[in-house]
Amino acid sequence: MTLKLYMAQRITALIMAPLVLMHIAVMIYAIQGGLSAAEILGRTQGSILWFLFYGTFVVAVSIHAAIGLRTVLSEWAGLCGTGLNAAAWTILALLLILGMQAVYGVTAT
Amino acid sequence: MQIERHDTDILILGTGGAGMFAALHAQQSAPAGTKITIAVKGLIGKCGCTRMVQGGYNVALGGGDTVERHFMDTIQGGKWLPNQDMAWKLCEQAVVRIRELENEIGCFFDRNPDGSLHQKAFAGQTADRTVHKGDLTGIEIINRLMEQVLSRPVEKLQEHRAIGLIPTKDGSALAGVLMIDMRSGKFRFVRAKTVLMGTGGGPTMYKYHTPSGDKTMDGLAMALRVGLPLRDMEMVQFHPTGLLAGDHTKMTGTVLEEGLRGAGGQLLNGAENRFMFDYDAKGERATRDVVSRGIFAEMRKSNTTTPNGGVYISMSHLGPENVRAKFPGMVKRCADSGFDLAAGLVEVVPTAHYFMGGVVVDPDTRTALEGLYVAGEDAGGAHGSNRLGGNGVANSTVYGGVAGDVMGMDIRNMGALRDPDESVLEAEITRALRPLQNKIAPIQPLRDKLQEAMWEDVGVMRTETGMERGLTRIADIQAELLEAGVAGDNLAFNLTWHDWLNLASLCEVSEVITKAGLARENSRGAHYREDFPDSGSMESSYFTVARQTGDTLDVTREDVQFTIVKPGETILPEGEPVSLVEAAE
Amino acid sequence: MIHGHRTHTLWIAFLLHRISGVALALFLPAHFWVLSYALNAPQKLDGFLHWAETPIVKFAEFGLVFLLSVHMLGGLRLMALEFLPWTSGQKTAAASAVAASTFLAGIFLLRAI
Amino acid sequence: MSVSVWRGGAAGAYQPFDVKMEDNQTVLDVVAWIQQYADPTLSYRYACRVGMCGSCAMMVNGVPRWTCRTHVKKVLKDGHMEIGPLRNLPVIKDLATDMDPFFDKWVAAEGLHHPTQTRHDPIEAIDPDSAGRVEANAGIECINCSVCYAACDTVAGNPDYLGPAALQRAWSVYNDSKDANKQTILDAVSGVGGCHNCHSQGSCAVHCPNELNPMNAIAGLKRGTARNFFKRRK
Ligand SMILES: Cc1cc2nc3c(=O)[nH]c(=O)nc-3n(C[C@H](O)[C@H](O)[C@H](O)COP(=O)(O)OP(=O)(O)OC[C@H]3O[C@@H](n4cnc5c(N)ncnc54)[C@H](O)[C@@H]3O)c2cc1C
Ligand code: HEM
Ligand code: SF4
Ligand code: F3S
Ligand code: FES
């Protein structure tokens with residue numbers, strides 16, 4: 001882990017903290033009376049704000065988790081060098097693709 | 001026996017203050033491309049006594065104190081026996097060395113609130129002179145030196161034990177040093193143009209002793225075998241308050257700081273009565289040698305000892321909280337071995353601390369053998385009959401640096417590496433291998449026996465009969481040792497083999513101490529003869545010189561040369577006060 | 001595994017943080033995958049949400065929110081420790097992070113039921 | 001008491017010994033007794049025997065400790081203890097480890113003074129209570145015993161990691177007003193094995209026999225490097 005990775009991980013963590021709090025708050029509010037797909041989508045679809053909200057989260061979490069898993073893989077699974085970096089990039093890509101798909105799914109009209 | 005051969009230009013033995021400074025200075029003074037090798041019995045910087053320095057470092061840095069005053073204290077403390085040129089250089093160069101330690105090596109010594117260096121006075125000093133880092137000064141000095149040495153291109157031979165100085169065929173110069181690579185158990189002969197011996201003496205042949213476990217007088221034993229003269233060999237300094245925790249622990253013998261007595265600590269006998277005033281008007285605050293003798297005398301009286309046979313130190317009357325706050329390290333250390341220093345009684349005993357004797361050298365650390373230089377506790381002369389607290393580490397760092405400078409210069413005039421006298425090499429190997437041929441026997445009981453003998457017969461107080469008896473006991477132990485065997489199937493990290501070699505060195509030097517003790521028929525400094533309690537005339541002071549030729553050990557006396565100041569005189573300007581310390585201890 | 005040199009609060013806080021982080025990272029792709037149904041097959045999402053009504057899944061959700069808040073508060077604790085030069089009270093911080101997470105997730109669970 | 005002692009190198013096994021209990025006995029005394037009286041082939045290392053040199057650290061019941069200052073009574077469990085070589089370092093033989101990696105990293109972390117002055121200059125006046133000095137002093141009593149290094153799981157998982165003691169030393173040097181090379185230090189601790197690998201596991205601080213806190217020192221380096229990160233970007 002180098003300074004750059006460290007900074008990236010901490011900055012994304014700081015970005016995510018308020019977003020996660022917000023997300024949990026919304027969920028607590030939302031599940032009162034049960035959720036339906038329509039309800040969720042009703043709130044989010046077409047909203048540029050929600051798009052930014054979840055979009056930022058996805059980017060941040062992808063970077064954050066990719067770096068995090070990279071560390072765990074190196075310390076606990078003994079991965080190193082190119083293998084380790086390849087794994088981290090793959091995780092990043094996977095999370096970004098899946099995440100953006102989801103954001104698109106919930107916010108696009 | 002296969003032996004590995006290895007060449008270098010400058011070889012340094014030991015990584016105490018002497019060895020480390022020699023390495024750094026040799027690097028600065030030697031021509032580019034000079035190969036420097038440092039070999040040590042333990043790990044670099046993690047063995048030896050410089051690391052264990054508590055109290056501090058003596059150096060005159062103004063504020064009324066002068067090099068002259070430091071010098072006079074050193075001469076008077078040494079009871080006029082020091083080599084005055086060496087003592088002078090020690091005091092003078094300490095000033096440079098302390099600046100080097102702070103500015104170049106990176107030590108940080110304690111400061112006064114105004115930011116200037118804090119200095120205090122040890123017993124026997126007439127000025128606040130001792131620079132320190134809390135009471136862990138040695139750790140600061142050695143750790144900083146260690147970092148510098150580790151980061152430089154110096155060849156490192158760790159856990160390499162020197163066992164023999166190998167001269168050239170004609171015996172006029174040193175060819176190299178025979179070692180054991182302790183990790184593999186193999187012999188390694190290292191040729192070098194110049195060798196610094198900084199193996200740090202260490203009187204660990206006494207039942208109670210303070211130095212680290214790696215120090216067993218190997219250096220002086222090697223010097224003796226190669227025929228070099230050793231001076232002041234009877235001079236063993238005892239520290240009055242070694243921890244006494246029983247025979248089963250290595251903690252026994254380790255120092256309880258001098259400051260405890262200075263702060264008002266009381267010494268009590270087994271019946272819990274104060275006794276020091278029976279021996280000296282200053283009571284517990286008298287100098288190390290006086291207090292050590294007081295305790296020893298009290299211990300000899302029957303029925304007055306503590307369970308382990310010593311005396312008690314008591315601090316609780318100063319208030320346990322106060323003691324805990326003022327001496328946290330000491331309180332914790334005692335607690336670790338089950339004693340409550342702050343509120344209870346702790347058993348103590350005088351403990352062999354420092355060895356003033358050593359190889360005869362000139363003020364440039366050169367010896368009679370070309371190519372061999374000696375500095376630090378291995379070198380004799382700077383302290384005479386007694387070393388002042390704080391002068392030990394000043395001595396090793398000053399002279400280690402001098403040795404480095406001088407070797408770096410001398411090497412320019414030395415041509416090729418010298419060839420060893422192969423027969424001496426062969427003989428040293430045979431000597432070291434001897435126990436592997438013998439029938440296996442435990443070594444430790446023999447070490448215990450030697451330590452008992454030296455403590456009882458050649459210890460704090462000596463007599464002719466005692467020392468004669470001591471000689472017989474040493475000879476018996478030596479004979480037994482020569483027959484004692486060590487399993488030789490695996491020589492890698494074979495500590496028991498090294499125990500044998502350690503004891504061999506200790507026996508050889510113990511004999512010299514005893515013979516030198518017999519040769520000095522008066523009481524000076526650390527050497528006290530009950531049969532000759534008088535100190536003798538200062539003007540006709542002599543020092544002892546021991547030398548081994550073949551199998552015979554001769555001790556002669558040589559007159560001290562008063563090259564700078566004569567007894568009864570001083571080099572301080574007229575009208576200077578005797579002491580600048582207000583409440584001189 | 002938690003023996004010898006590891007039996008102290010800060011190490012356990014580290015372990016919790018790591019396990020929660022890894023668990024979150026494993027869960028996240030699944031979460032994204034489910035949500036991405038929103039567009040092309042809302043009825044599947046509904047079916048999923050219906051399934052999500054079962055108590056066992058409720059409990060799992062509690063676990064998730066718990067993990068998320070444990071990890072977040074643990075992470076905030078860690079960054080506070082790194083960036084605000086505190087000298088003491090780190091153990092307390094670790095313990096209160098876990099307590100707060102439990103509380104938060106507890107509310108979530110109560111609301112959900 | 002029954003004592004299991006590690007025998008061999010990296011591959012090896014615990015060997016049981018029966019040792020008599022004595023008053024005031026330390027773990028080092030037990031090890032020495034075994035070598036002196038029970039099995040003369042046992043290897044271990046010590047020097048000062050009073051907690052100053054940091055040569056004698058071993059794993060005692062799975063916990064790294066300075067053995068010369070650890071009273072047997074403190075660690076004995078039901079009359080038994082297990083003594084092994086220090087963790088995270090190559091084993092030479094039995095209880096002796098090769099400490100070179102530890103010291104190589106000490107130097108690699110730039111844990112050494114970079115002079116601003118020479119022996120020809122006077123000693124600087126430095127306020128002992130100045131912030132930098134207080135910070136530098138906090139870790140100064142390190143005896144490089146490697147106990148923290150053995151306790152740290154990050155070291156175990158990441159062979160490049162410089163480890164708590166080396167980083168703590170770097171932090172002390174960084175805070176020393178006499179030091180010339182602050183940037184070199186920050187660079188040295190920002191690489192692959194640098195301070196950013198530390199997960200604040202805290203085992204270093206918990207086990208340091210001198211009650212030092214390398215974790216705090218490492219946090220200091222993280223702050224220093226982070227600040228520097230933004231400065232350099234600008
Ligand atoms: C507990 C204690 C407290 C002290 N406090 C003070 C104090 O406050 N002030 C003061 O001025 N002095 C003090 N001294 C004395 C001071 O420590 C010594 O005078 C000085 O440090 C000696 O330095 P040195 O370099 O000669 O030897 P050391 O520092 O002892 O170093 C000797 C080195 O040689 C190595 N060695 C030994 N044998 C061999 C071999 N055969 N082959 C290779 N290497 C070998 C050792 O392992 C070690 O590295 C104290 C001593 C002790 C024991
Ligand atoms: C919400 C706010 C979050 C904060 C404040 C936060 C904080 C942190 C911090 C500080 C670390 C570094 C730990 C270390 O170096 O020891 C970390 C590691 C990690 N985080 Fe997060 N995180 C958050 C969210 C997430 C999320 C949502 C995920 C899941 C995808 C995640 C996955 C991870 C992983 C896998 C690690 C590596 C664990 C380790 O190194 O021990 N984090 N987190
Ligand atoms: S920080 Fe403590 S545990 Fe680590 S090496 Fe230094 S003294 Fe030993
Ligand atoms: S144990 Fe290791 S992870 Fe950091 S806080 Fe200490 S260095
Ligand atoms: S032997 Fe020196 S610290 Fe234990």
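**Exercise 1. The shell around ligand 2**

How do the residues of the shell around ligand 2 divide into nonpolar, polar and charged? Work out also which chains and elements supply this shell.

Solution. The structure is a predicted model.

Step 1. Sort the shell by residue type. It holds 15 nonpolar, eight polar and two charged residues.

Step 2. Pick out the closest residues. Among the 25 residues around ligand 2, the nearest are Arg10(A), His64(A), Arg18(C), His71(C) and His199(D).

Step 3. Read off the chains. Ligand 2 is surrounded by residues from chains A, C and D, so the site is shared between chains.

Step 4. Assign the elements. At least two shell residues come from each of α1 (3-30) and α3 (48-76) of chain A, and likewise from each of α1 (9-35) and α4 (55-83) of chain C. The element that gives the most is α1(C), with seven residues.

Step 5. Look for polar atoms beside the ligand. An oxygen atom of ligand 2 lies 2.8 Å from a polar side-chain atom of Arg10(A). In the side chain of His64(A), an N or O atom is 2.7 Å from a nitrogen atom of ligand 2. For the side chain of His71(C), the distance from an N or O atom to a nitrogen atom of ligand 2 is 2.7 Å.

**Exercise 2. The iron atom of ligand 2**

Identify the protein donors of the iron atom of ligand 2, and explain why the arrangement around the iron atom counts as octahedral.

Solution. 

Step 1. Find the protein donors. They are NE2 of His64(A) and NE2 of His71(C), lying 1.9 Å from the iron atom.

Step 2. His64(A) belongs to helix α3 of chain A and His71(C) to helix α4 of chain C, so the pair joins two chains.

Step 3. Check the angles. Six donors count as octahedral if opposite donors are over 155 degrees apart and all others between 65 and 115. The six donor atoms here subtend angles of 86 to 180°, which makes the arrangement octahedral.

Step 4. Check burial. Both His64(A) and His71(C) are buried.

**Exercise 3. Chain C and the chain pairs**

Describe the secondary structure of chain C, then state which two chains share the most contacts.

Solution. 

Step 1. Count the elements. Chain C has five helices and zero strands, and its pattern along the sequence is α-α-α-α-α.

Step 2. Consider burial and contacts. Of its 113 residues, 42% count as buried. Among the contacts in chain C with a separation of 6 or more, 69% are between residues 24 or more positions apart.

Step 3. Turn to the chain pairs. Four pairs of chains are in contact, and chains B and D share the most contacts. Chain B does not touch chain A, and the nearest C-alpha atoms of these two are 24 Å apart. Chain B does not touch chain C either, with nearest C-alpha atoms 20 Å apart.

**Exercise 4. Two residues of chain B**

Is Thr216(B) buried or exposed?

Solution. 

Step 1. Apply the cut-off. Buried means under 20% relative accessible area. Thr216(B) has 1% relative accessibility and therefore counts as buried.

Step 2. List the polar contacts. The side chain of Thr216(B) makes one with the side chain of Asp218(B) at 3.0 Å and one with the side chain of Asn502(B) at 3.1 Å.

**Exercise 5. Ligands 1 and 3**

Name the closest residues around ligand 1 and around ligand 3.

Solution. 

Step 1. For ligand 1, 38 residues surround it, the closest being Cys49(B), Thr50(B), Asp214(B), Lys215(B) and Tyr354(B). A polar side-chain atom of Ser396(B) lies 3.4 Å from an oxygen atom of ligand 1.

Step 2. For ligand 3, the nearest of 13 residues are Cys142(D), Cys145(D), Ser146(D), Cys148(D) and Cys208(D). Two or more shell residues come from each of α5 (147-151) and α7 (164-175) of chain D.

Step 3. Sort the shell around ligand 3. It has nine nonpolar, four polar and no charged residues.

Note on methods:
Residues numbered from 1 in each chain as written. Chains lettered and ligands numbered in written order. Predicted model: local features only at pLDDT ≥ 70, side-chain atom pairs only at ≥ 80, totals over all residues. Heavy atoms only, no water. Near = heavy atom within 4 Å. Helix = DSSP H or I, 4+ residues; strand = E, 2+ residues; numbered from the N terminus. Nonpolar A, V, L, I, M, F, W, Y, C, P; charged D, E, K, R; others polar. Polar contact = N/O pair within 3.5 Å; in protein donor to acceptor, adjacent residues only side chain to side chain. Donors = N, O, S within 2.8 Å, 3.2 Å for Na, K, Ca; no water. Tetrahedral: all angles 85-135°; square planar, octahedral: opposite > 155°, others 65-115°. Buried < 20%, exposed > 50% of the residue type's maximum accessible area, 1.4 Å probe, protein only. Contact = heavy atoms within 4.5 Å.
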